[in-house]
Amino acid sequence: MPGALRTLRAVQWTMLGSIVVCAVIGEVVGPSVRSMDPTLGYVFSTAAVAVVGVIFVVRRTLVLRSAEGLAAHPDDPTILGHWKSGYFATYSLCEGLALFGLAQRLLGFNFQQSLLYYIGGFVLLFFFGPREPGRS
């Protein structure tokens with residue numbers, strides 16, 4: 001269990017850093033701000049809300065259920081694999097949310113519009129850090 005926690009924390013912090021890098025890349029490489037169709041902004045917003053919903057479903061179905069199983073059977077490798085997979089899926093979805101911000105910035109949206117996606121991905125990724133099962 002300690003090795004799995006260490007791995008998940010390393011992945012979490014690496015992905016947090018990559019969100020910051022995405023924001024910097026969006027500003028350095030992104031084109032100048034131009035007039036964008038508001039419908040495209042609504043598409044990104046709708047997709048972001050859907051991703052956040054999926055994040056909570058993945059946490060409930062994979063992470064929390066597996067954590068209950070690990071609290072009862074800490075040596076079960078199958079349950080540990082599900083638990084880690086749940087965290088990896090959660091982290092990937094949080095990163096995807098931040099990538100929406102990068103995509104918007106590269107399409108010509110301004111930084112303030114993209115910043116919401118960077119912050120959303122960063123905050124969710126930060127607060128969904130790995131916790132040892134049984135120690136909620």
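A salt bridge here is a side-chain nitrogen of Lys or Arg within 4 Å of a carboxyl oxygen of Asp or Glu. Arg105 forms one with Glu27, with the closest N and O atoms 2.7 Å apart. The model is predicted: local features need pLDDT of at least 70, side-chain atom pairs count only at pLDDT 80 or more, and totals for chains, interfaces and linings use all residues. Residues are numbered from 1 along each chain as its sequence is written, and side-chain values use heavy atoms, with hydrogens and water left out.

**Salt bridge**

- A search of the whole structure finds one salt bridge.
- The pair links distant parts of the chain, with Arg105 in helix α3 and Glu27 in helix α1, 78 residues apart. Helices are DSSP runs (H or I, at least four residues), numbered from the N terminus.
- Arg105 counts as buried because its relative accessibility is 6%. Buried means under 20% relative accessible area, exposed means over 50%, and partly exposed lies in between (1.4 Å probe, protein chains only).
- Glu27 has 37% relative accessibility, so Glu27 counts as partly exposed.
- Side chains of opposite charge can pair when their charged atoms come close.

**Nonpolar core**

- A nonpolar core is a set of buried Ala, Val, Leu, Ile, Met, Phe, Trp, Tyr and Cys residues joined through side-chain atoms within 4.5 Å.
- The largest such core has 28 residues. Those with the most contacts inside it are Ile55, Trp83, Tyr87, Tyr118, Leu124 and Leu125.
- The elements that give two or more residues to this core are α1 (2-29), α2, α3 (77-107) and α4 (111-127).
- Leaving aside neighbours within four places in sequence, Leu124 is in contact with Val52, Ile55, Phe56, Cys94 and Leu97. Contact means heavy atoms within 4.5 Å.
- In soluble globular proteins, nonpolar side chains tend to be buried together.

**Helix α4**

- At 1.5 Å a residue, the 17 residues of α4 should span 24 Å. Its end C-alpha atoms are 24 Å apart, which agrees. The expected span is 1.5 Å times one less than the number of residues.
- The buried residues of α4 are Ser114, Tyr117, Tyr118, Gly121, Leu124 and Leu125.
- Seen down the axis of α4, these buried residues fall within an arc of 140°, so they line one face of the helix. The arc is that of the directions from the helix axis to the C-beta atoms.
- The buried residues of α4 pack against α1, α2 and α3.
- Gln112, Leu116 and Phe127 are exposed on the other side of α4.

**Cysteines**

- The structure holds zero disulfides. A disulfide is a pair of cysteine sulfur atoms within 2.5 Å.
- Cys22 is in no disulfide, and the nearest cysteine sulfur, that of Cys94, is 13 Å away.
- That 13 Å between the sulfur of Cys94 and its closest cysteine sulfur, in Cys22, is too far for a bond.
- Cys22 counts as buried at 9% relative accessibility. Cys94 is buried too, with a relative accessible area of 0%.

- Ser66 is placed in helix α2 (residues 38-72). Ser66 counts as buried because its relative accessibility is 9%.
- Not counting residues up to four places away in sequence, Ser66 touches Ile79, His82 and Trp83.
- Leu80 lies in helix α3.
- Leu80 and Ala4 are 76 residues apart in sequence and 8.4 Å apart in space, C-alpha to C-alpha.
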